[in-house]
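My notes follow in the order in which I took them.

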Amino acid sequence: MLKIFNTQTKKLEEFVPLNDNIVTMYVCGVTVYDYCHVGHARSAICFDMIYRYLLYKGYDVKFVKNFTDIDDKIINKANEENKPFDEISEKYIKEFYTDMEAIGIKKPTFEPKATMHIKDIIDFISKLIEKGYAYEVDGDVYYSVSKFEAYGKLSHKKIEELKAGARIDINENKKDPLDFVLWKKSKPNEPSWDSPWGKGRPGWHIECSVMSMYYLGETIDIHGGGEDLIFPHHENEIAQSEALSDKQFVRYWIHNGFIKINNEKMSKSLGNFFTIRDVLKKFNGETLRYYMLLTHYRNPIDFSYNGLLAAKEALNRYYTFLMRLDNTKFGDEAFRIDSIETLIFNFENAMDNDFNTPQAIAEVFNCIKDFNLYLDTCQKNNLTPSLQLKKTFLNSMSKIAQVLGVFDKSYKEWYNLENNQWIEEKIKQRNKAKREKNYALADSIRNELLNAGIILEDYKDKTIWKKIK
RNA sequence: GGCGGCAUAGCCAAGUGGCUAAGGCACGGGUCUGCAAAACCCAGAUCCCCGGUUCGAAUCCGGGUGCCGCCUCCA
């Protein structure tokens, strides 16, 4: 039974979709005006993992992730570079896909752009005005927060306290400082669309309400995003959507924790951020993904080079083990190892507990330890290890890999091993030297390979090699 | 100022009332090896502090200290 921590109730709740087997899920995507940083990667990986696990559980998941492709930051960038705004957004959508592919993100069902739904946005806003939740002032349309009684129910804020805070920007058009913009009048030379209120463009929050309803209906099961979106973005989405439909907007709110740098929030304004491609210069996508999954999705990650290094070493351990399995002869004898037989069960248990990926990963390494020990024992006593055990392990691993999006390569891919005839030849020469007890020659061959980035491992009846990672 | 979160070995990180506190990385000792590598074994934790509840607490409650986040755009 899957349990999910719901931001709104602050409790672990049993997950039961609204319509038996169908799960509707919406995740706030990125504003496309720059390369993605590792914070975007974390959010993407988190919800990708959730998406994959729901699919694994047999749900028919309809998953929407949007692109915000019209916004002040995009317009600013367009002005700086003297290009049309959509050239900027299209460029960074393309770059986005490059990054997402590198970290193993599965494509959502729908990936709409805000600009594809201008007409729907205008309709939505018109209805809010009709229902008395929004008002127009001089070409801008605002949402009237005080009209929506439940405002603050997600972020657990009280309207009075928000008003007391002096940090809300004063806009003389607004009737109330808490009101937020639904439709923004455009300045000359800015991108704009015709509307009943004149030329303008949508505010930020409205697109998610509109697209969520358009693709998934009035009430959806899961809505997610980074924890900084809780307020005001998701609070405002609730206000917009529920005012229109008079129905519950979202049943389970899920928010991922932040990336920190030296214990401070990573943000563009502080300038302490790494882009995904910065990281990919040093580590591969699987390592970055594994590193993210090593921490529970709601906890912060203090992002570090050392952490990535440890992640890489852990994956080395996994793939070295696969290499060992592949180079070991197995036979029909039966043998039981508890942790291996219960691996998939333990994995599901961990994942059912609010997607506890660190625990899920620990279960995998538990098995590897037990299996290695067993193989050591077999080797020592000249026994043939059980093929059935290997099959059980690999079957479970293929399911786990499919959900986590790591552990999903062959060791040959991971270590980048091609058919290198010359390496095999060198190994033969070295083994011959070893048999002749010419250790000086044997060592010099091994060093030669080491200099070429090749590490040898001697087993009882064969020598295997891998590339340094 | 208001609201919220976190504090577990050198580092990362699960566990949230009960057998010896998972797992990974690093370091040290050992086994194996011609030497290595890989693997395994051993060593290593006052579970931030002080009280309380309980037969029993890292886990629940109260207080304290420290760090962080949100309240403005932000994954």
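Domain bounds, as I use them here, come from an automatic or database domain assignment. On that basis I divide chain A into domain 1 (18–256), domain 2 (305–410) and domain 3 (421–467). I note at the outset that this is a predicted model.

**Entry 1: the whole chain**

I looked up the distance between domain 1 and domain 3, and their C-alpha centres lie 59 Å apart. I then took the box along the principal axes, and the C-alpha atoms of chain A fill roughly 95 × 50 × 35 Å. I count 17 helices and 15 strands in chain A. Of its 469 residues, 53% are buried. The accessible surface of chain A comes to about 22400 Å², and carbon and sulfur atoms account for 49% of that.

I also checked contacts between residues at least 6 apart in sequence, and 77% of them join residues at least 24 apart. For charges, I have 67 positive and 69 negative ones in chain A, with mean positions 6 Å apart.

**Entry 2**

Which way do the residues of strand E6 point? In E6 (residues 140–143), I find Asp-140 and Tyr-142 pointing one way, and Val-141 and Tyr-143 the other way. In a regular strand the side chains alternate between the two faces of the sheet. I had wondered about burial too, and all four of these E6 residues are buried.

Next I looked at what E6 pairs with. Strand E5 (residues 134–137) runs antiparallel to E6, and four bridges join them. Val-137 has Asp-140 as its bridge partner in E6. The hairpin of E5 and E6 has two residues between the strands, and there Asp-138 takes a positive phi near 55°.

Strand E7 (residues 180–185) is also antiparallel to E6, joined to E6 by three bridges. Here I traced Val-141 to its bridge partner in E7, Trp-183.

**Entry 2: helix H12**

Which residues of helix H12 are buried? For H12 (residues 343–352), I list Leu-343, Ile-344, Phe-347, Ala-350, Met-351 and Asp-352. I then looked up what covers them, and the cover includes strand E1 (3–6), helix H1 (38–56), helix H11 (338–341), helix H13 (357–380) and helix H14 (387–404). Just after H12, I noted a positive phi of about 55° at Asp-354.

I checked the peptide bond from Phe-231 to Pro-232 and found it cis, with omega near 0°. Pro-232 is in helix H7 (residues 230–245).

Asp-246 lies in the loop between H7 and strand E10 (250–256). Its phi is near 60°, which is positive in a residue other than glycine. Is Asp-246 buried or exposed? I read 57% relative accessibility for Asp-246, and the cut-off for exposed is over 50%, so Asp-246 counts as exposed.

**Entry 3: Phe-407**

I looked up one more residue with a positive phi. Phe-407 is not a glycine, yet has a phi of about 65°. I place Phe-407 in the loop between H14 and helix H15 (411–414).

Technical notes: Residues are numbered from 1 along each chain as its sequence is written. Chains are lettered from A and ligands numbered from 1 in the order in which they are written. This is a predicted model: local features need pLDDT of at least 70, side-chain atom pairs count only at pLDDT 80 or more; totals for chains, interfaces and linings use all residues. Side-chain values use heavy atoms; hydrogens and water are left out. Buried means under 20% relative accessible area, exposed over 50%, partly exposed in between (1.4 Å probe, protein chains only). Two strands pair if DSSP finds at least two bridges between them. Contact means heavy atoms within 4.5 Å. Accessible areas come from the Shrake-Rupley method with a 1.4 Å probe; for residues, only the protein chains shown count as cover. Lys and Arg count as positive and Asp and Glu as negative; His and the chain ends are not counted. The place of a charge is taken as NZ of Lys, CZ of Arg, CG of Asp or CD of Glu.
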